[in-house]
Amino acid sequence: MDSIVVRGGKPLSGQIEIAGAKNAALTLMPATLLSDEPLTLTNTPRLSDIKTMTLLLESLGAEISSLQDGKVQTMSCHGAINTTADYDIVRKMRASNLVLGPLLAREGHAIVSLPGGCAIGARPMDIHTDGLAKMGAEIDLKDGYLHAKADGGKLKGAVIDFPFASVGATENIMMAATLAKGTTVINNAAREPEIVDLATCLRKMGAQIEGDGTSSITIQGVDRLHGATHPVVTDRIELGTYMLAPVIAGGEVECLGGRMSLVASFAEKLDAAGVDVQETKAGLKVKLRGDRPHAVDVTTEPFPGFPTDLQAQMMAMLCFADGTSVLEEKIFENRFMHAPELVRMGADIEVHGGTATVTGVDRMKGAPVMATDLRASVSLILAGLRAEGETQVNRVYHLDRGYEDVAGKLGGVGADIERVPGS
Ligand code: EPZ
């Protein structure tokens, strides 16, 4: 298995291009199931999760072609399709569950493997299935698969009040409702930029959607959707990750394609920590004002609150802060697995349940560490940019799921970093 080796202590300087968002592309791609005309996505990130979604959609009968080294994907599903999403693909990537709503809407029935738990939490699908049941779907769990059938073969509009603003459930229900009979209202919907990106694309396909980006979304069902071309929104999590690189390593970096509106609550915390974030024509320019960040307390929340997907990276920064910070993880029940690895590098972190207390230290030392999940893996690389000596991050296949060429991007602004092929 490949690993990444970082030698700390090099200040950074230059520009990093931010790719299209993984978490937008993974919900935009299943939208192709809602029409029999081609959907073209541009600015698609080149990631292993995108390859997995491509495999899944092809297993359902989609034809997918890619151009520009995978940045442009054209997908089409004309005629009869397979409505079973197999465990062998779904177990590799939870976001596979985003085919459930579109399959039900298109065909009136679907069999989708339950993804099961993951490293960061149990992650059930009850909000998805309760919402679809309100739209007239009968859903049974058999042998690890959700068997779903729309009453009379077609979903019906409904008013659905979510107990929690789930991103995935908002996306699944919104897609399902585009072809349902009547009007659907989702209350307490998720407001993430990826939801707005999906709604924008669906409108280009002829859907009638209002309120995306707010906590109440209204979808007026239509008979059919047509083809469209849509650019995937910038990846705000990749953006936030690279904004932290010069804060930790020193120097100044401009993140091309970044916009303050995508990371406002995060940028607010950086400002409190003594970091300058400046919006430029091309993106966001970032540098630390002093020589160490200040301690800040952080609580993860649904958008527009502080994103849970930047919690691990923020912890890496707070390891070097002048003071003690309290990090509260409110979205996932097991998302501090990076903490013991950072402690191996000399960090001072105490974890109790969903709260981590991070006391900044003057220096950390490189060590061999283990990636446990996508965001944890990149937080170890960030800490390695300042730790003395060599940090070797193992199991970087986690990283490939959500980051294009980390070694190339950080190396391009002066980091001493390389990817070491596995034996
Ligand atoms: C999306 O996951 C993202 N993944 C996650 O990013 C992100 O962390 C998460 O939203 C929160 O922002 C994709 O978009 C592919 P949720 P999702 O449904 O949709 C509970 C990354 O690093 N819940 O908003 O699965 C759930 O267990 C990944 O890129 C239920 O209880 O997130 C969790 O605790 C990791 N029942 C919370 O809600 C449900 O039916 C948030 O889940 C659904 C969710």
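Rings of Phe, Tyr and Trp (its six-membered ring) make an aromatic pair if their centres lie within 6.5 Å; planes under 30 degrees apart count as stacked, over 60 as edge-to-face, and the rest as tilted. Searching the whole structure turns up one such pair. Phe266 and Phe306 are the partners, in a tilted arrangement with 5.9 Å centre to centre and 55° between the planes. Phe266 belongs to helix α9 (residues 264-272), while Phe306 sits in the loop between β18 (298-299) and α10 (311-318), so the pair ties together parts that are 40 residues apart in sequence. Phe266 has 1% relative accessibility, so it counts as buried (under 20% relative accessible area, with a 1.4 Å probe and protein chains only). Phe306 is buried too, at 3%.

A word on what you're looking at: this is a predicted model, where local features need pLDDT of at least 70, side-chain atom pairs count only at pLDDT 80 or more, and totals for chains, interfaces and linings use all residues. Residues are numbered from 1 along each chain as its sequence is written, and side-chain values use heavy atoms, with hydrogens and water left out.

Now for the ligand. Around it are 21 residues, and Asp126, Ser166, Asp309, Ile331 and Arg375 come nearest (a residue is near if one of its heavy atoms lies within 4 Å). The side chain of Arg375 has an N or O atom 2.7 Å from an oxygen atom of the ligand.

Key. A polar contact is a pair of N or O atoms within 3.5 Å; within protein, one must be able to donate a hydrogen and the other to accept it, and residues adjacent in sequence count only if both atoms are side-chain atoms. Helices (H or I, at least four residues) and strands (E, at least two) are DSSP runs, numbered from the N terminus. Buried means under 20% relative accessible area, exposed over 50%, partly exposed in between (1.4 Å probe, protein chains only).
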